[in-house]
Amino acid sequence: MKLKSFAHLFFMLFFVAFSNIKICLGDCDNLQDSCPAVPPNKQTIFINGLQCKNPVNVSAQDFRTTKLSTAGSTDIFGASMKIVSAAEFGGLNTLGLSIGRTDLDGNGLVNFHYHPRATEMIFVTKGVLLAGFVDTKNQYFQKFIKVGDVFVFPKALFHFYLNTGFEEATVFSVYNSQNPGFVSLSPTASDTTLESLDTIKRKLISLSASETQDVNSFISPEMESIYS
């Protein structure tokens with residue numbers, strides 16, 4: 001009888017304890033209205049996140065940025081990508097958000113990459129693109145998107161977007177983390193020739209006959225065969 005009562009009490013304590021634990025699917029909620037970050041090079045303590053500015057020194061300027069007003073430098077794939085996190089835009093600290101801008105030359109490609117801590121949602125403001133991602137079952141999902149369209153890439157899944165037109169394209173991104181991270185495939189020197197880049201683009205477009213496909217024969221777990 002005592003054992004049964006003890007088991008019942010243990011279960012009740014277990015239930016109460018864990019029902020009060022908040023699970024953070026993205027970044028955890030902030031505990032105050034705002035917490036603009038101290039610039040990383042001026043941090044005096046190290047925490048899981050960024051140190052807050054003294055509230056006395058917080059101003060409207062902390063919540064404004066112009067970092068997405070212009071394009072960045074273009075890479076070998078004909079794309080420039082900017083991700084503005086709380087480290088660059090202090091007003092985002094504790095809000096669970098980052099923002100980004102990507103500009104693509106005609107036929108430009110944002111190569112396969114993923115964000116380990118965030119889902120990415122893109123909004124097209126210029127051009128027509130082919131956007132897609134690969135899930136953990138090696139299924140491939142892609143869609144042609146145009147001005148005004150929104151496309152979402154689930155957290156930590158490899159994804160890409162390709163400018164299918166001859167004019168420049170621009171997309172803006174929102175991430176549900178103040179520090180989304182960025183992990184990209186690293187092609188070898190032989191994969192950066194114009195001929196190799198064109199081959200990659202042709203392979204991506206060749207899968208556009210269907211919006212969802214099994215790509216086991218196209219992409220290995222490490223996605224190395226995309227450069228073969």
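## What you're looking at

Since the model is predicted, local features need pLDDT of at least 70 and side-chain atom pairs count only at pLDDT 80 or more, while totals for chains, interfaces and linings use all residues; side-chain values use heavy atoms, leaving out hydrogens and water.

The protein chain holds two helices and 11 strands. Those names come from DSSP runs numbered from the N terminus, with helices being H or I runs of at least four residues and strands being E runs of at least two. Reading from the N terminus, the order goes α-β-β-β-β-β-β-β-β-β-β-α-β.

## The chain in numbers

Of the 228 residues in the protein chain, 37% are buried. Here, buried means under 20% relative accessible area, exposed means over 50%, and partly exposed is in between, using a 1.4 Å probe and protein chains only. The accessible surface of the protein chain is about 13,500 Å², and 60% of that belongs to carbon and sulfur atoms. Such areas come from the Shrake-Rupley method with a 1.4 Å probe, and for residues only the protein chains shown count as cover.

Now for contacts, meaning heavy atoms within 4.5 Å. Among contacts with a separation of 6 or more in the protein chain, 72% are between residues 24 or more positions apart.

## The annotated pair: His115 and Glu120

The UniProt record, an unreviewed entry, puts a "binding site" feature at His115 and Glu120. UniProt positions follow the numbering used here, feature names are shortened, and annotations may be inferred rather than shown by experiment. His115 sits in the loop between strand 3 (109-114) and strand 4 (120-126), and Glu120 belongs to strand 4. His115 counts as buried because its relative accessible area is 1%. Glu120 is buried too, with a relative accessible area of 1%.

The side chains of His115 and Glu120 make a polar contact at 3.0 Å. That term covers a pair of N or O atoms within 3.5 Å; within protein, one must be able to donate a hydrogen and the other to accept it, and residues adjacent in sequence count only if both atoms are side-chain atoms. The His115 side chain also makes a polar contact with the side chain of His113, at 3.4 Å. Setting aside residues up to four places away in sequence, His115 touches several others, including Ile83, Lys155, His159 and Phe182. With that same exclusion, the residues that Glu120 touches include His113, Phe151, Tyr161 and Ser173.

## Charged pairs

Side chains of opposite charge can pair when their charged atoms come close. The rule for a salt bridge is a side-chain nitrogen of Lys or Arg within 4 Å of a carboxyl oxygen of Asp or Glu, and the count comes to three. One joins Lys53 and Asp62, at 2.9 Å from N to O. Lys53 is partly exposed at 23% relative accessibility, whereas Asp62 is buried at 15%. Another links Lys146 and Asp149, whose closest N and O atoms are 3.9 Å apart. Lys146 is partly exposed at 48%, and Asp149 is partly exposed at 22%.

Arg101 and Asp103 make a salt bridge as well, at 2.7 Å from N to O. Arg101 lies in strand 2 (residues 98-104) and is buried at 14% relative accessibility; Asp103 is buried at 12%. The Arg101 side chain also reaches the backbone oxygen of Ser69 at 3.2 Å. Leaving out neighbours within four places in sequence, the contacts of Arg101 include Leu68, Met81, Lys82 and Phe172.

## A nonpolar patch on the surface

Met121, Phe123, Val150 and Val152 form a nonpolar patch on the surface, with about 340 Å² of accessible area together. Patches are built from residues with over 30% relative accessible area and no salt bridge; like charges are joined within 9 Å, and nonpolar side chains (Val, Leu, Ile, Met, Phe, Trp, Tyr) within 5 Å.

Strand 4 and strand 7 (150-153) each supply at least two residues of this patch. Val150 is in strand 7, and at 47% relative accessibility Val150 counts as partly exposed.

Note on methods
Residues are numbered from 1 along each chain as its sequence is written.
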